[in-house]
Amino acid sequence: MRGLLASSVGVTCAAALALPLTSPAVAARPVSPAAVRPASGAEALGSTQSLPLAPLASRDFTLAPADEQGLPRRDVRHFSLAGVIWDDPDIELHGRVQIRTRAVGTDTWSGWQDLETHNDDTADPDTAERTSGRVHGATAPLWVGDSDGVEVRVRAEADHRTEDMARGSRTATTTAPLPAGLRLELVDPGDSAPESARQEAAAAGASHRAVALRSTPTPEPAEDPAATDASDPTAEPAEDPAAMDASAANAGLAAPGAIEIPALNRRQTEQELFALRAGELTERQRTKPYIGPRPRIITRRGWGADERLRERKFVYTKKSKAAFVHHTASGNGYRCTQAPSLIRGIYRYHVKSRGWRDIGYNFLVDKCGNIYEGRAGGVAKPVLGAHTLGFNTNSVGIAVLGSYGSKKPPAAVTRAIARLTAWKLGLYGANPKGKTYLKSGGGNRYPKGRKVRLNVISGHRDGFVTECPGRQLYRKLGSTRTTAARLQGR
C-alpha cells in the first residue's frame with residue numbers, strides 16, 4: 001500500500017536514543033520503515049476528492065427518490081480512505097451508507113462495505129471549533145486501500161410501525177429524510193512525509209540501519225525535486241513554522257524535530273513529572289507520585305502530519321481528569337506499516353472534510369500497540385480535543401485504529417492503552433480505577449450543565465449514545481483500568 005513514511009519509528013535521533021526503552025515484554029512492536037515510491041510534492045502531501053451524491057433509482061417503491069442517493073460506479077483518482085459528509089453537523093443520518101471500491105491496477109471490485117453513521121466524535125457545542133461555520137456532519141471514514149474506482153449508495157432507514165385501528169391493524173412505513181448536501185469524500189493520505197522529515201529520517205537511519213533492517217531490507221527514500229529550490233538542488237527546504245511549533249510543544253520530552261518520544265523507566269518518569277509540574281503537585285504527589293512509566297510515542301512528524309492543514313494555534317483545557325477510549329471504525333484491513341498513512345488520511349478527513357481545526361483525537365493506537373501523537377499541542381499537556389461530544393473539557397481522547405464491534409482487540413492494543421493512560425492520567429494525579437466528575441457541554445446522553453460521574457477510563461459510549469468503541473473493545477476496559485493502576489504503583 002502507498003504511503004508508509006520513511007521516517008517511521010524503526011529509527012530515532014541520537015538524543016532520543018540516550019534514554020532507555022521499556023522492556024521487550026511490554027514494548028509495542030515497532031512500525032518498520034518501508035519503501036516509498038518517488039512522488040511529486042503535491043502527491044506527497046495528499047489530496048481530497050469531494051463528489052456530490054444524487055438520487056438513485058430505487059427498487060423499493062416505499063422510498064421517495066430523495067431517500068436513496070449515491071454515486072454510480074466510476075473511475076476516480078487514487079484514494080485510500082473514504083467517508084460521506086453532509087451540511088448540518090447537528091443532523092443525524094438515519095440510514096445505511098455503503099461503498100465498494102476497485103483496487104488500483106486490477107478489475108477487481110470489493111463487496112459492499114458499511115460506513116459507521118453514528119460515531120459522533122466532535123467538538124463541544126458553543127466552542128469556537130464547533131461554531132466556525134466549517135463543520136459538517138459525517139460518517140466515520142473507512143480505510144479501503146489503494147483504489148481508483150468507487151460506487152456508493154446511501155439509503156434512508158424505513159421505520160415500519162403497526163398501528164391498532166378500530167377495524168383491525170395496519171402497518172405504516174415512515175422514512176426520515178436524508179440530510180442535505182451529501183458528498184462522498186475520497187482521501188489520498190499522500191505517499192510520504194514532507195521532504196525535511198524524510199531527509200532527517202534518512203540521516204538518522206544511516207547510523208542505525210542494522211536495527212531498522214532486521215525485519216525488512218529497505219531502500220532509501222527518493223528525493224523529491226519539487227520540494228527543493230530549483231536554483232540549488234542541494235539546498236534543504238525551509239522548516240515550516242507550524243511544524244516547528246508542533247515539535248516545540250514537546251520540548252523537554254524529545255529533541256526538536258524528533259520522530260518519536262522514547263519510553264522512560266519509572267525513575268526517569270517521576271523526575272520528568274517533578275520537572276513538568278513542580279509547582280502544581282500536591283504534597284502527596286511529591287511524596288508518592290502515582291504515575292506509570294512514559295511509553296514510546298510516535299510524534300506528528302513521525303507519522304507525517306502536514307502541519308499546514310490545521311489551525312496554527314493550540315487550545316488547552318485545565319487538566320486531564322479522564323480518558324475516553326474510541327475506535328476509529330475505519331476497518332481492520334490495514335497493516336501496521338500502513339498506520340501512518342491511515343492516520344494522515346483521518347487527519348485530512350477531520351480537517352478538510354469535517355471542518356475541524358486539527359485531528360480530533362489526542363492519541364491514536366494501532367493494532368500492533370504503537371502509540372501516536374494526535375492533536376497538536378504537546379503530549380504531556382491538556383490539549384482540548386474533539387473526540388467526545390459534550391466531554392472534551394478536562395479529558396483526553398484515545399482512538400484505536402480499527403473496528404472492534406465483533407472483533408476482539410489484540411492484547412497489544414489493551415496494553416498500549418493501559419501504558420498510555422497510566423502515564424498521561426498520572427501527570428494529573430488521576431487513578432485509572434477511580435471515578436471522576438465531568439460537566440457536560442451538551443450531547444445526546446446528558447444535557448448541558450449536568451455534572452456526570454464517570455469512570456476515569458471510560459468508553460465513548462459512556463458520554464454519548466453510540467456503539468463506539470465497539471462492544472469487544474469496551475469489554476476490555478475493566479482489565480485495562482486494573483493494569484493501568486498497577487503500572488502507576490497503586
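What you're looking at is a predicted model, where local features need pLDDT of at least 70, side-chain atom pairs count only at pLDDT 80 or more, and totals for chains, interfaces and linings use all residues. Residues are numbered from 1 along each chain as its sequence is written, and side-chain values use heavy atoms, with hydrogens and water left out.

Let's start with the whole chain. It has 12 helices and 19 strands; these are DSSP runs numbered from the N terminus, with helices being H or I of at least four residues and strands E of at least two. Of the 490 residues, 54% are buried, meaning under 20% relative accessible area with a 1.4 Å probe, protein chains only (exposed is over 50%, partly exposed in between). As for contacts (heavy atoms within 4.5 Å), residues 24 or more positions apart supply 78% of those with a separation of 6 or more.

Strands count as paired if DSSP finds at least two bridges between them; β13 and β16 run parallel, joined by 6 bridges, while β14 pairs with β16 in the parallel sense over 3 bridges. And β16 is well wrapped: 6 of its 6 residues are buried, with S395, G397 and A399 on one side and V396, I398 and V400 on the other.

That brings us to the largest nonpolar core, which has 34 residues. Here a nonpolar core is a set of buried Ala, Val, Leu, Ile, Met, Phe, Trp, Tyr and Cys residues joined through side-chain atoms within 4.5 Å. Two or more residues each come from β13 (322-327), β14 (363-365), β16 (395-400), α10 (411-426) and α12 (477-487), and α10 gives the largest share, 8 residues. Among the residues with the most contacts inside this core are I297, F363 and W423. Leaving aside residues up to four places away in sequence, W423 touches a list of residues including T269, P293, I297, F363 and V379. There is also a second, separate core of 23 residues, which includes L342, Y349, Y361 and L401.

Finally, zoom in on A416 in helix α10. Is A416 buried or exposed? Buried, with a relative accessible area of 0%. Beyond residues up to four places away in sequence, A416 touches V365, G369 and I371. The C-alpha atoms of A416 and V365 are separated by 7.2 Å, though the two sit 51 residues apart along the chain.
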